Amino acid sequence: MSRVLDLTRELVARPSVTPDDAGCQRLVCERLLPLGFDAEWFLCGPVSNLLLTRGRGSPSLWFLGHTDVVPPGPVERWTFLPFHPDEKDGELFGRGVADMKGAVAAMVVALETFAAAQPGHAGQVGLLLTSDEEGDAVDGIVRVARELERRGQHPDFCLVGEPSSRLALGDTVRVGRRGSIHLRLQVNGTQGHTAFPENLDNPVHRLAPFLDELVDTRWDSGDDDFPASHCQVASIRGGTGARNVTPASVELLVNFRNGPGSPAAEIRDRFERLLRRHDIEDYDAEWSIMGEPFRSPAGPLREAVTGAVEAVLGVTPELNTGGGTSDGRFMAPLGCEVLELGLLNGTIHQIDERTPVSDLDRLSDVYLDILRRLFLRERL
């Protein structure tokens, strides 16, 4: 049996619905400690963060992953129970198998193999894990990154195991990510009887022309790496439940996905100017910046990752910044070169999440080749 497959099965069998780690990190720790890795725990309430490092100095590469998963949904709709991983037609089914316990297992086996073959390697290799990636992401890597910044500590390179691949393993490597901004906007008015418009101020009517301009706003044009920034309205809520009464307020939930051309401060300024232009003055706004956009310039990690993907998989990866957010957004500001490479993302967060079994060993081989390229100037 494959070591990567065995470890993936062990991790998936632990129901680590965010923020519960369910012992996944302890399992990984017990495997790497005998190989000379040092462990440091960052425990924040129910969230578990673990940093495992071996060696010191440069070059330094930390793999970055998460052991928490999203809820499985109705278990009766799964082909196999979500936390009882099983195989069918060459694929392994289970919640978190692709996002991202399979990649975590591939990282662990690559580190085991590298450390056993190169016990006196130069520099530092490491693995940083959190159980707060799928949840609020307030006690996970963002907290660890603050502590690392306080210490003046960070790796030269950080490789995130998020499922970046689209159609074939390795066909996509993320070289950055867009930012994400959430906004809750409450526009206030005066509740009243629909028969007497002179006695009311309907916030829905105030919001309508504003929304028309908001959704047509062009925030920027993007660039070679980033698509144009955009906003999406996720929810509009208002009303009293009566058909002849206008609401006293209406709530709007908006999400922005922004590139470097539209930082959060600029988006907020333009949004507030748009409100004033539509005479919306009585409102409450709550802004939550989930992460600013980041882009890692070409460096040794990009060269090693693309070279390994091409050599091991026979694929030339597309380099882009697509997808949602990842924990790489917290490491990049520390000064790391951050890239993302992982399994296929077609079934993540879905019923019957799955990954080709053969991709597990192949991904671990790629991770091992990256280590060799960075630390030994060798290739598989």
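In this predicted model, helix H3 (residues 97-117) packs against helix H9 (residues 357-375) with the two axes 8 Å apart and at an angle of about 45°. That angle makes H3 oblique to H9, and the crossing of H3 past H9 is right-handed. On the H3 side, the contact involves Gly102, Ala103, Ala106, Met107, Val109, Ala110, Leu111, Thr113 and Phe114. H9 answers with Leu360, Leu363, Ser364, Tyr367, Leu368, Leu371, Arg372 and Phe375. Sorted by class, the contact of H3 with H9 comes out at 13 nonpolar, three polar and one charged residues.

H3 also packs with helix H2 (residues 24-32), here at an angle of about 15° and with the axes 10 Å apart. H2 is therefore roughly parallel to H3, as the angle is under 35 degrees. This crossing, of H2 past H3, is right-handed. H2 brings Cys24, Val28, Arg31 and Leu32 to the contact, while H3 brings Lys101, Val104, Val108, Val109, Leu111 and Glu112. Seven of the residues in the contact of H2 with H3 are nonpolar, none is polar and three are charged. Val109 and Leu111 of H3 turn up in the contact with H9 and again in the one with H2.

Stepping back to the whole protein chain, its secondary structure amounts to nine helices and 19 strands. Its C-alpha atoms fill a box of roughly 80 × 45 × 40 Å along the principal axes. Of the 380 residues in the chain, 53% are buried.

Leaving aside residues up to four places away in sequence, Ser131 touches Thr18, Pro19, Asp20, Asp21, Gln25, Pro46, Val47, Ser48, Asn49, Thr67 and Asp68. The C-alpha atom of Ser131 is also 8.2 Å from that of Val69, although 62 residues separate the two along the chain.

Two of the residues touching Ser131, Thr18 and Pro19, are joined by a cis peptide bond with omega near 5°. Pro19 belongs to the loop between helix H1 (3-12) and H2. Another cis peptide bond links Ser58 to Pro59, with omega about 0°, and Pro59 lies in the loop between strand S2 (47-55) and strand S3 (60-66).

Backbone phi is worth a look as well. Most residues other than glycine have a negative phi, and most peptide bonds are trans. Asp279, not a glycine, has a positive phi of about 60°; this residue is found in the loop between helix H6 (264-277) and strand S15 (283-291). With a relative accessible area of 53%, Asp279 is exposed. His349 has a positive phi too, near 65°, and is placed in the loop between strand S18 (337-340) and strand S19 (354-356). At 42% relative accessibility, His349 counts as partly exposed.

As for the cysteines, the disulfide count is zero. Cys158 is in no disulfide, and the nearest cysteine sulfur, belonging to Cys336, is 5.7 Å away. Cys158 counts as buried at 1% relative accessibility. Cys231, at 10% relative accessibility, counts as buried too.

Key:
Residues numbered from 1 in each chain as written. Predicted model: local features only at pLDDT ≥ 70, side-chain atom pairs only at ≥ 80, totals over all residues. Heavy atoms only, no water. Axes fitted to C-alpha atoms, helices over the stretch in contact; angles between N-to-C directions. Helix = DSSP H or I, 4+ residues; strand = E, 2+ residues; numbered from the N terminus. Parallel < 35°, antiparallel > 145°, perpendicular 65-115°, else oblique. Left-handed = near helix turned anticlockwise from the far one by under 90°. Contact = heavy atoms within 4.5 Å. Nonpolar A, V, L, I, M, F, W, Y, C, P; charged D, E, K, R; others polar. Disulfide = S-S within 2.5 Å. Buried < 20%, exposed > 50% of the residue type's maximum accessible area, 1.4 Å probe, protein only.
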